[in-house]
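Have the model open as you read.

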Amino acid sequence: MSTANRPAASSEDRGPVRGALRLRMARDPGHNTFDGGWWPRSRALAVELVDLVEQFPAELGTITRVLVSATDWDDRPDTVTVADRSVEVGAVAGADTQVVDLVTPERTLRVLVVPSGLTDDQGDEALLAAATRGNRHSATDLLDTVTEHPDVDPRDHWPAVD
């Protein structure tokens, strides 16, 4: 698929303030399947990435590139512009869905993308699971668990694995 005609997104395109970023990151990234979870409010990647880049915790680095699964989104801009800097957007390698790789100068963080349509309880549990030390679940398994087993106590189901 050609990317030559895809527009860039910018912080000016996103409209009114959309609320706090729904992001939960692991305390010690780089040791689990996921380094955290992100729960965007829609499937509009151009809008959601501006929020993510703009509100990403500074202590985790500055996002310079984002790799996404195209099937998770209704659009995929080539770049997003936030505060007069551009962030390149590309495709995640392989057939992974519901993931995003956030590239900083220091590292690449693999983050679960929680579907925007989940209930508050499901979304919160998915964020918790993705950021829990010892998580070894695939995105599909993790999301299946939080949507098919609403009675699971997350404190019991997502314990740290040493």
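β7 (99-103) and strand β8 (residues 108-113) pair in the antiparallel sense, with 5 bridges between them. Pairing here requires at least two DSSP bridges between two strands, while strands themselves are DSSP runs (E, at least two residues), numbered from the N terminus. Val103 stands opposite Thr108 in β8, and β7 and β8 make a hairpin with 4 residues between them. This is a predicted model, where local features need pLDDT of at least 70, side-chain atom pairs count only at pLDDT 80 or more, and totals for chains, interfaces and linings use all residues. Residues are numbered from 1 along each chain as its sequence is written, and side-chain values use heavy atoms, leaving out hydrogens and water.

β7 also pairs with strand β4 (residues 65-68), again in the antiparallel sense, over 4 bridges. In that pairing, Leu67 has Asp101 of β7 as its bridge partner.

How many residues of β7 are buried? The count is 5 of 5, where buried means under 20% relative accessible area and exposed over 50% (1.4 Å probe, protein chains only). Val99, Asp101 and Val103 lie on one side, Val100 and Leu102 on the other, so both faces are covered.

Now for the backbone angles. Most residues other than glycine have a negative phi.
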